[in-house]
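Me: I've got a chain open on my screen and would like to talk it through. Can you take my questions one at a time?

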Amino acid sequence: MNYTQQGIELAQLSTPALLGVIVIVLAYIVINLYKKINHENQEKVKELILLSKETNKLISEQINTSKASSEILVKFIESHCQKTHEKLLEIEDDIKDINTKLSHISHIRNNELSKIYKGNNNA
């Protein structure tokens, strides 16, 4: 059959039959457009899922890096504070020794001053 023959056959159809053919053709076009759009959307969804998986991996790596960095920082602080605490204890011991020596020197000086005062009062 050629196109002219098909056109003649369509022209011979009644109005309701032509409307039925038009509805069928339009339904076919709508279904094909829906399938095409749906396929494109499915591809976009797949891309978005892959992107979100990659993003989740990156976030997970960043969290792990942050945890490791935090642990290193905590260890450094603990180590540094331990050394500082030890130095403060040494300084405290030194101050106690100095106070003990000063107390002893003060006691000797008071005894000497007392002897001098008693010697001046007796003379």
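This is a predicted model: local features need pLDDT of at least 70, side-chain atom pairs count only at pLDDT 80 or more; totals for chains, interfaces and linings use all residues.

Me: Is leucine 13 buried, exposed or partly exposed?
Reply: Leucine 13 sits in the loop between helix 1 (3-12) and helix 2. Its relative accessibility is 35%. That value lies between the 20% and 50% cut-offs, so leucine 13 counts as partly exposed.

Me: What is the distance between the C-alpha atoms of leucine 13 and histidine 107?
Reply: Along the chain, these two are 94 residues apart.

Me: What radius of gyration does the chain have?
Reply: Start with the box: the C-alpha atoms fill roughly 160 × 25 × 15 Å along the principal axes. For a compact globule of 123 residues you'd expect a radius of gyration near 14 Å. The chain, though, has 50 Å.

Me: What percentage of the residues is buried?
Reply: As for folds, the chain has two helices and zero strands. It exposes about 11,600 Å², with carbon and sulfur atoms supplying 63% of that. Of the 123 residues, the buried share is 0%.

Me: What is the area of the nonpolar surface patch that includes Leu13 and Val25?
Reply: Val25 belongs to helix 2, and its relative accessibility of 43% makes it partly exposed. Patch members need over 30% relative accessible area, a mark that valine 25 passes with its 43%. Other members include Leu18, Ile22, Tyr28 and Ile37. Together, the patch comes to about 960 Å².

Me: Which residues gather in the patch of negative charge?
Reply: Take Glu86, which is found in helix 2 (residues 15-122). It is partly exposed, at a relative accessible area of 41%, and the patch cut-off is over 30%. The patch on the surface is made of Glu86, Glu90, Glu92, Asp93, Asp94 and Asp97.

Me: How far apart are the mean positions of the positive and negative charges of the chain?
Reply: Count the charges to begin with: the chain has 15 positive and 15 negative ones.

Notes: Residues are numbered from 1 along each chain as its sequence is written. Side-chain values use heavy atoms; hydrogens and water are left out. Patches are made of residues with over 30% relative accessible area and no salt bridge: like charges are joined within 9 Å, nonpolar side chains (Val, Leu, Ile, Met, Phe, Trp, Tyr) within 5 Å. Accessible areas come from the Shrake-Rupley method with a 1.4 Å probe; for residues, only the protein chains shown count as cover. A salt bridge is a side-chain nitrogen of Lys or Arg within 4 Å of a carboxyl oxygen of Asp or Glu. Lys and Arg count as positive and Asp and Glu as negative; His and the chain ends are not counted. The place of a charge is taken as NZ of Lys, CZ of Arg, CG of Asp or CD of Glu. Helices (H or I, at least four residues) and strands (E, at least two) are DSSP runs, numbered from the N terminus. Buried means under 20% relative accessible area, exposed over 50%, partly exposed in between (1.4 Å probe, protein chains only). The radius of gyration is taken over C-alpha atoms; the globule rule is 2.2 Å times the number of residues to the power 0.38.
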